Structures are given as structure tokens and as C-alpha cells.
2 protein chains.
Amino acid sequence: MKQPTILDVAERAGVSKSLVSLVMREPERVSDASREAVLRAAQELGYRPNAVARSLVQRRTRVLGVVLSDLHNPFFADVADGIEEAAVERGYRAMLSSGFLEPKRERVAIETMLELRVDGLIMLGSMMKVAKIERMSNALPIALLGRHTRSKALDSVGVDDSAGARKAVDHLVSLGHEKIVHIHAGTAAGAPRRRSGYEKAMRRHGLEPRLVKGAYTESGGAAAMREILEGLDQPTAVFAPNDFAALGAMETIDAAGLDIPGDISLVGYDDLALAGLPRIALTTIGQPRADLGREAVHLLLERLDEGRETARHIVIPPTLVVRTTTAAPRP
Amino acid sequence: MKQPTILDVAERAGVSKSLVSLVMREPERVSDASREAVLRAAQELGYRPNAVARSLVQRRTRVLGVVLSDLHNPFFADVADGIEEAAVERGYRAMLSSGFLEPKRERVAIETMLELRVDGLIMLGSMMKVAKIERMSNALPIALLGRHTRSKALDSVGVDDSAGARKAVDHLVSLGHEKIVHIHAGTAAGAPRRRSGYEKAMRRHGLEPRLVKGAYTESGGAAAMREILEGLDQPTAVFAPNDFAALGAMETIDAAGLDIPGDISLVGYDDLALAGLPRIALTTIGQPRADLGREAVHLLLERLDEGRETARHIVIPPTLVVRTTTAAPRP
DNA sequence: GCGGCCACTTGGAACGTTCCAGGTTCGATG
DNA sequence: CATCGAACCTGGAACGTTCCAAGTGGCCGC
């Protein structure tokens with residue numbers, strides 16, 4: 001049951017522990033005979049280096065912590081995938097911690113990561129105040145993902161939500177829409193930029209922005225859509241703050257007996273996998289999700305392995321994905 | 001930049017390192033005066049216990065490793081959530097590692113977990129041979145999730161796929177269906193049991209099982225459905241091996257201009273979130289996913305904290321979720 | 001006023017590595 | 001044939017904790 005240590009291997013191979021250590025790390029620097037003896041002994045004993053002890057003396061764990069609010073959100077899952085992939089590629093591991101409805105649980109999760117001495121931290125969809133995060137960043141490098149900041153201490157990688165909203169509006173306008181409502185998600189992550197991008201794009205086209213308050217959820221989108229349908233001046237197109245909200249809106253429109261895109265065109269945001277299902281086929285704004293994760297890892301490693309000291313902020317442009325929920329308005 | 005250690009705190013508080021350690025672990029055993037002095041010093045220095053050092057001396061990390069094949073699969077995401085929740089509740093942390101298309105990457109991930117000396121391992125959707133897994137289990141307790149085994153060394157928690165299939169068949173038969181085809185997913189995890197459960201249930205109703213080979217994917221379901229529609233004796237109901245396959249079948253049926261459930265009733269398996277979307281509304285077999293995760297954690301902790309030595313295998317019964325893709329067949 | 005007990009505190013060993021300064025061996029070199 | 005350097009190897013210190021045996025006082029009871 002007890003796992004063999006480097007000393008057991010050294011004894012069996014008839015060499016010093018230091019040599020065993022060297023074989024494990026830089027085998028080419030050891031003579032053939034010793035290397036083979038050590039390797040054989042290790043094999044026979046089932047020796048496995050103890051990363052805990054190694055971390056203690058090296059004072060680095062080669063683990064990157066990732067705290068994210070919700071694994072169910074496929075957006076985060078994709079990003080997490082990119083993170084994991086990039087980390088492994090560079091000789092690091094990713095440790096995920098998820099599921100924060102309340103900020104308190106998030107704080108605990110972060111604290112735990114810090115106690116475990118992860119080498120860097122990626123925060124995904126966090127609502128925590130930037131100042132608070134900055135305070136932690138003297139202990140380790142932190143990258144904010146999917147969130148914008150001008151922080152001098154924190155790195156960030158985000159998508160240009162404003163540009164995404166513009167692409168949605170441009171698409172609808174090019175189809176001939178003029179009455180375009182935006183369901184906005186208040187102050188949720190990214191929502192203000194999507195909203196202001198929408199407003200700016202509308203004005204640029206000489207159109208009047210029309211806003212309805214909703215949320216990033218199916219039910220939030222459904223409720224907002226109900227409000228829109230109860231209004232007087234019916235729009236010909238709706239731009240939802242994300243795909244979930246668009247889905248909710250879609251249900252409400254269906255339930256009202258209206259046709260998409262015949263009566264109302266609908267645009268989402270995020271390009272979740274389900275947006276591509278034939279029965280949904282939602283026109284939406286796509287984001288290179290795995291790339292976001294990879295970029296975040298690279299930002300961290302630039303600090304860790306290359307010694308960068310100043311903050312970097314990366315912005316990735318989103319793309320328009322046209323499916324069948326948008327068409328020219330009825331004449 | 002350098003983090004303070006227990007010695008820094010001890011010096012500042014004017015006590016020994018042992019006392020600081022004690023305050024961190026069992027504050028009630030220390031005099032009020034000392035406790036406060038230590039706590040204040042720790043606070044002022046921003047001291048945070050080093051879990052790496054602690055793990056080394058205690059020879060346990062209080063980390064549970066979770067290797068899963070795919071985070072995108074919402075099933076795994078739900079299970080992972082249950083795992084994380086149960087772990088935190090019991091003073092452990094979960095470390096996720098995901099994304100294995102190839103067995104090789106899975107092996108590396110597991111090896112990494114072992115080097116990090118996680119206290120227990122949960123394997124989710126792994127295709128690795130049981131004998132191989134058993135060989136690792138003398139190093140640490142392992143729980144297999146979503147997979148059945150009679151192993152004497154490994155714990156497992158799974159759903160009763162056979163019973164799930166039976167519920168699907170019973171439901172369809174009670175609606176009046178007799179020509180019920182099952183798309184089976186070959187030897188993929190759980191698939192053989194779903195298939196044999198289907199076969200047994202059919203025979204019990206005096207009906208002839210009818211099988212078509214498919215897969216656990218959308219495209220696999222779509223292809224199988226095409227094969228079914230090209231056949232001579234059209235069924236009135238189709239039981240897919242999972243929701244993704246059902247979705248694929250649904251697309252094929254839609255494309256053929258047939259109505260669900262008018263022409264064909266359709267039952268999925270898994271009850272993914274998307275099965276509940278109004279536009280999909282798939283009748284399916286639901287599994288208490290988060291519970292699966294929680295159970296796996298409990299199994300591990302029974303060994304870790306309560307000293308259980310013999311294997312336990314838990315089977316959780318699934319439930320039928322009726323939506324709108326099933327109805328009585330046309331007379 | 002002394003023994004004993006209790007509450008509290010302490011120093012050193014241990015955990016399993018890596019790192020580093022220095023040691024050994026051996027063949028080549030002048 | 002002494003010296004040198006290269007190639008290879010070694011022992012001890014360090015990493016930051018926990019654990020444990022043992023120490024220190026103060027107070028109580030007789």
C-alpha cells in the first residue's frame with residue numbers, strides 16, 4: 001500500500017537518491033548503466049515521483065487554477081477545454097473549480113486554490129470586484145477571462161462584445177429590418193457592451209434603439225419577449241443578449257402563434273451547440289471559445305515562464321453565424 | 001511577492017511555529033491571548049497555510065481526482081457538479097481532468113493525478129480495461145462512475161440501464177405500440193444493457209425485438225433512422241440509445257416529412273437539458289446525475305475516512321420523463 | 001511548602017523531493 | 001608521472017508544514 005520513495009529506488013539500484021532524482025528529470029545526463037539500473041528498479045517497485053514533495057522544494061506546482069461560475073454553461077465548458085489543452089501542452093495541469101451561485105462559495109474556492117499554491121489563476125465569468133482580485137494578484141498571476149478591464153495588474157482576454165452586437169445589427173439592417181429590439185441583460189458580464197454596441201450600431205444606421213430588460217437565461221428571455229409582444233409597436237426583429245435568452249424568446253414567439261423568421265427575426269449570442277440543432281437553427285454571434293481559454297493560459301505562462309511583469313489585455317473579435325431565424329421582414 | 005510562512009507568523013506573534021500551526025488547526029486548544037496574537041500576526045502578514053507542505057507531512061492531499069472523457073457532454077457536467085459539491089461538503093476538493101478522445105491522453109491524465117497524490121480517483125465514462133484500473137487501485141481508492149463492474153477492488157456507481165430500457169418499452173407498449181425498434185449503440189458504455197433491457201422487455205410483452213445499429217451521437221442516430229425509414233415494415237415507435245441519437249433520429253424523421261409523434265413515437269435516454277426545450281420536448285429516460293456524482297464521492301470517503309476495505313457497487317434506478325414525442329399509434 | 005496535575009507551549013524529527021557544492025575516477029596531456 | 005579536466009556521482013541542506021514527546025508554570029490540596 002505504501003508507495004515507494006526515491007530512497008527505495010536508490011537503495012535497490014545501488015545509487016544515491018540524488019542520482020535517481022536526476023534520472024527522473026534529465027536522464028541524458030546520467031551514464032547508461034546507472035540510468036538503466038535506476039529505471040529498472042523504479043519499474044520493479046512501481047515508483048512514481050511525488051509531485052507534492054517536488055512542489056514543496058521547487059516552490060511551484062505547475063498547476064493552473066481555474067474558477068468558473070457554471071460548468072453547465074457550454075460556453076465555459078468549451079473554454080475550459082481550451083485551457084486544459086493549452087496547459088497540458090506546456091507542461092502544466094489545470095485544476096477546475098466550479099459552481100458559484102453565491103460570491104461566498106467563489107471566495108472559498110479561490111482561497112483553496114491559493115492554499116494549494118497553484119502557479120496561476122484563471123477566472124471565468126466571475127462577478128468579483130476587480131480591486132479585490134487585484135489585491136490577490138501579488139501572490140500569483142491572474143487572468144480574467146470573458147471580462148474586460150484596464151487593470152495594470154491583471155491580464156485579461158475577452159471578446160469584443162460591442163463588435164459582436166454591431167455585427168448582429170448590421171446583419172438585420174442589411175436584411176431590411178428597422179424595428180429592432182434588444183433584450184438586454186442588465187449588468188451581467190458582457191451585457192453592457194453588447195447593449196452599447198447595439199445602441200451605437202442602431203444610431204449609425206439612423207435607427208432608434210429600443211431596449212427591453214431581460215437576462216442571460218431562458219426564462220429571462222421568455223419574459224422579455226412577452227413584454228415585447230404586449231407592446232404597441234411590434235418590432236420585426238429581436239436581438240437577444242445570449243442564446244439562452246433567444247431560446248426563451250423563441251418559445252414565447254412560438255407560443256403566441258407567430259412565425260420565425262416570417263413575423264419576427266431572432267438573433268442570439270454565443271453560438272452554443274444547441275443553436276446549431278436543425279430545429280433551433282438560431283442565427284447568432286459566435287466566439288472562438290477554446291481560443292479564449294488557450295490565450296488565457298498563454299498570458300499566465302508569459303508571466304510564469306518568461307517573466308513578463310506588465311499587464312496585457314487581449315480582445316478577440318466574434319463572428320456572425322447566419323442560420324434560419326433571420327430573414328427579410330414582411331413588406 | 002514571497003509568501004509568509006508559519007515561521008514568519010510565529011516570530012511576529014512571539015510564539016513557536018508549533019503554536020501557530022495549532023491555532024490554524026484547533027484554535028480552541030490555545031489560550032485566548034496566544035490565539036489572538038497569532039491570528040493578528042497572520043492577518044497582518046497575509047499568511048495563508050501552504051497546503052503543499054501540509055500534504056507532504058500528512059501524506060494526504062484531500063484532493064479527489066476526477067477524470068472524465070468529455071466536459072461538453074452535459075451528462076458529465078452534471079455529474080461533475082455533484083462530485084464537486086459533495087467533495088467540498090466533506091472537506092475535500094475535486095480536481096477535474098477532461099477531454100479524452102484517445103486512451104493515451106487518459107493514461108497520462110491518470111498518471112498525473114497519481115503523481116499529484118490525489119487521495120481518491122473517480123473515473124467517468126472511461127473505456128479503460130477494468131483489470132488495468134484494478135492494478136492502480138492498490139495505490140488509492142478508485143470509483144467507477146456510470147459503468148458496471150463486479151470488481152472486488154473497485155467501487156462503482158451506475159444507473160440501472162436495463163431498468164431504464166424496460167421503462168421506455170413499457171411506456172410505449174402501454175400507449176399501444178407493438179412495432180418498436182431500438183437503435184443500439186454497440187458496445188459503448190451502458191449500451192449493451194440498454195439493448196438487453198429492451199429485448200427482455202419486448203419479449204415479456206410477447207413482442208419481437210427489432211434492432212438497428214447506431215451510435216451515441218446525433219449523426220449515428222440520424223443514419224440509423226434513415227436505415228429504418230428505408231426498411232419495409234415501418235415501426236410505430238423508436239427507442240434511441242441516448243438523447244443525442246434521438247435528436248439525430250428526430251432530424252431524419254422531420255426531413256422525411258413525417259410527424260412526431262403522429263407517425264412515429266420517439267424515446268431518448270439521458271434527459272439532457274436540451275430534451276426539455278419546448279421545441280424538442282423529447283420523452284426520455286432520466287438519471288439522477290448529480291446524485292451519481294455525490295454517491296461516488298461518498299464511496300471514496302468511506303474508504304478514506306471510515307476505513308472500508310471491500311468493494312461496494314451502487315445502482316441507481318432511472319425514471320421515465322414523458323414529454324410530447326410519444327403518443328398512441330395511428331389506428 | 002511540596003507533590004501532582006492541568007493547561008499550555010515548545011523544539012526537533014519527519015515527510016519526499018531538488019539543488020548545490022564538492023567528491024571520485026579515469027584518461028589524456030605535457 | 002604528476003596534473004588537469006571531464007564525466008559522473010554523492011551527501012547534506014532546504015522547502016513549510018504536522019506530530020509528538022517533553023517542558024514550564026501555576027494552582028490546588030493536604
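Me: How many bridges join S5(B) to strand S11 of chain B?
Reply: This is a predicted model, where local features need pLDDT of at least 70, side-chain atom pairs count only at pLDDT 80 or more, and totals for chains, interfaces and linings use all residues. Residues are numbered from 1 along each chain as written, chains are lettered from A and ligands numbered from 1 in written order, and side-chain values use heavy atoms, without hydrogens and water. Strands here are DSSP runs of E, at least two residues, numbered from the N terminus, and two of them pair if DSSP finds at least two bridges between them. S5(B) and S11(B), residues 313-316, run parallel, and the bridges joining them number four.

Me: Which residue of S11(B) is the bridge partner of Val159(B)?
Reply: Val159(B) belongs to S5(B), which covers residues 155-159. Across in S11(B), its bridge partner is Ile316(B).

Me: And which residue in S5(B) is the bridge partner of Leu144(B)?
Reply: Strand S4 of chain B, residues 142-145, runs parallel to S5(B), and three bridges join the two. For Leu144(B), the partner in S5(B) is Ser156(B).

Me: Which residues point the other way from Asp155(B), Val157(B) and Val159(B) in S5(B)?
Reply: Asp155(B), Val157(B) and Val159(B) point one way from the strand. Facing the other way are Ser156(B) and Gly158(B).

Me: Is S5(B) largely enclosed or largely open?
Reply: Look at burial, where buried means under 20% relative accessible area, exposed over 50% and partly exposed in between (1.4 Å probe, protein chains only). Residues pointing either way from S5(B) are buried. Because five of its five residues are buried, the rest of the structure leaves S5(B) largely enclosed.
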